[in-house]
Amino acid sequence: MKKSLCVVGLGYIGLPTSVMFAINGHKVHGVDVNEKAVEMVNSKQLHIEENGLEERLKEAVDSGMFKASTEPEEADVFIIAVPSPIREDKTANLDYVRNATEAIVPYVKKGDLVILESTVPPRTVEDVMLPVLERSGLDIGEDIFVAHSPERVIPGKVFQELVANDRIVGGINEKSSQMTKELYEVFVKGNIHLTDATTAEMVKVIENTYRDVNIAFANELALISEKIGVNAWEAIRLANFHPRVNIHTPGPGVGGHCIAVDPWFLAEIEPELSKIIQLSRNTNDHMPTFTANKIEEILKSKDINDGKVAIFGLSFKANIDDQRESPSLEVIKKLVEKGISFTTYDPHIKENVASNQTQDMDEALEQSDVVVVLTDHNEFKELDPERVGSKMRNRIVFDTKNALPLGQWEEAGFTIKRLGDSKN
């Protein structure tokens, strides 16, 4: 049975989810407080970058099954997909979730289903959403149904993973879970696993915390390797041939709306029981400072005074335009503090978000001394080192992502530096 949906939040998760339901036959009304984003969506224009989104958005809007506005409207299903960031003190900011829930209260009716997709601290559904939904006067679990079904997708492959990945559904009761499962089955081909809402919240936070701890381990290995004369990338690659070892890769820090944020949810809830989690977060948060210090060290080692650095990559991961919690932005802050001159370039980011950003790679390279790769975009992997070097004052490259064929760059006369590699 086809249902009407109201999706609150048209960002990196809410918009793809909306168009997936729309092109699979559900009438979808999207809601966002950003008027420009709403206008662009209704005009079939993208305000975010995601593979396959443009054609699906056009299909959804042209079919009449998807439209957007700044206000909710009545529907059979309400999906909340809003940000859940952390504050400066590393505590969860649930204002967006609370406000979105309050916004739909006037529109919910008997028989409706409310689904939270945002990644949140465990007990958010129980402690934040349900007290707000009770203001509707409806009996929670009897008149309206509530579930948490966290997104589990990676930017750049959202549509592929929305369909193929297993999905976790946690309802406040069995009927809430079943209703949510039946809804997502319209496009989800992976298994749908049912549990309770708080466990579902915990599962998503566990997944991202596991990855953060693993990356922190890799970063510690990189720091140790630089001290003792080892190439961490080679050591990790060989260690991963062990059938029960899967070490992630080091880098200049951890970004994104999940991995850099979600572990703090557990640390906030149980600070005395989350020592490894907090240490891992602090380790990864330190990497931009380490990277900036390394850049300064490289310039000093070459006796370069008043040097200029070309920063390549502002997004938090390859081939996307998402800069949320990007370590590149933290590296830039540290360079500013050190008084090091720099330009920034990212082919995926069209709006100026960082100081000294340019849309022209040659301009970024002009009279630079060091190219620093902070994001492993495909465009950077395919660069011609001779062309790059021809624009520079000194030929030095610092690769923090192990993205470049460094042998080719060395042949082009570059001094090679790589994070976690004492040999370069």
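## Starting with strands

Two strands count as paired if DSSP finds at least two bridges between them. Strands (E, at least two residues) and helices (H or I, at least four) are DSSP runs, numbered from the N terminus. By that rule, strand S2 (residues 27-31) pairs with S3 in the parallel sense, over 4 bridges. Within this pair, His29 stands opposite Lys67 in S3.

Before going on, please note that this is a predicted model, where local features need pLDDT of at least 70, side-chain atom pairs count only at pLDDT 80 or more, and totals for chains, interfaces and linings use all residues. Residues are numbered from 1 along each chain as its sequence is written, and side-chain values use heavy atoms, with hydrogens and water left out.

## The sheet

S2 and S3 belong to an open sheet of 8 strands with mixed pairing, in the order S3-S2-S1-S4-S5-S6-S7-S8. Strand S3 (66-69) and strand S8 (192-196) are at the edges with a single partner strand each, so one side of each has no neighbour in the sheet. From one strand to the next, the twist averages 25 degrees.

## Helices on the sheet

Helix H4 (residues 95-104) packs on the sheet and touches strand S1 (4-8), strand S4 (77-80) and S5; contact means heavy atoms within 4.5 Å. The direction of H4 makes about 160 degrees with that of S4. Such angles run from 0 to 180 degrees between N-to-C directions, with axes fitted to C-alpha atoms, for helices over the stretch in contact.

Helix H8 lies across strand S6 (145-148), strand S7 (167-171) and S8, and runs at about 120 degrees to S8.

## Where two helices meet

How do H8 and H11 cross? The axes of H8 (residues 197-228) and H11 (residues 275-301) come within 8 Å and cross at roughly 45 degrees. That makes H8 oblique to H11, oblique being what remains after under 35 degrees (roughly parallel), over 145 (roughly antiparallel) and 65 to 115 (roughly perpendicular). Residues making the contact include Thr209 and Leu223 of H8, and Ile276 and Phe290 of H11.

## Two loop residues

Arg123 lies in the loop between strand S5 (113-116) and helix H5 (124-133). Its phi is near 85 degrees, a positive value in a residue other than glycine. Arg123 is partly exposed at 42% relative accessibility, where buried means under 20%, exposed over 50% and partly exposed in between (1.4 Å probe, protein chains only).

Gln367, in the loop between helix H13 (361-365) and strand S11 (370-373), has a positive phi of about 60 degrees. Gln367 is partly exposed, with a relative accessible area of 40%.
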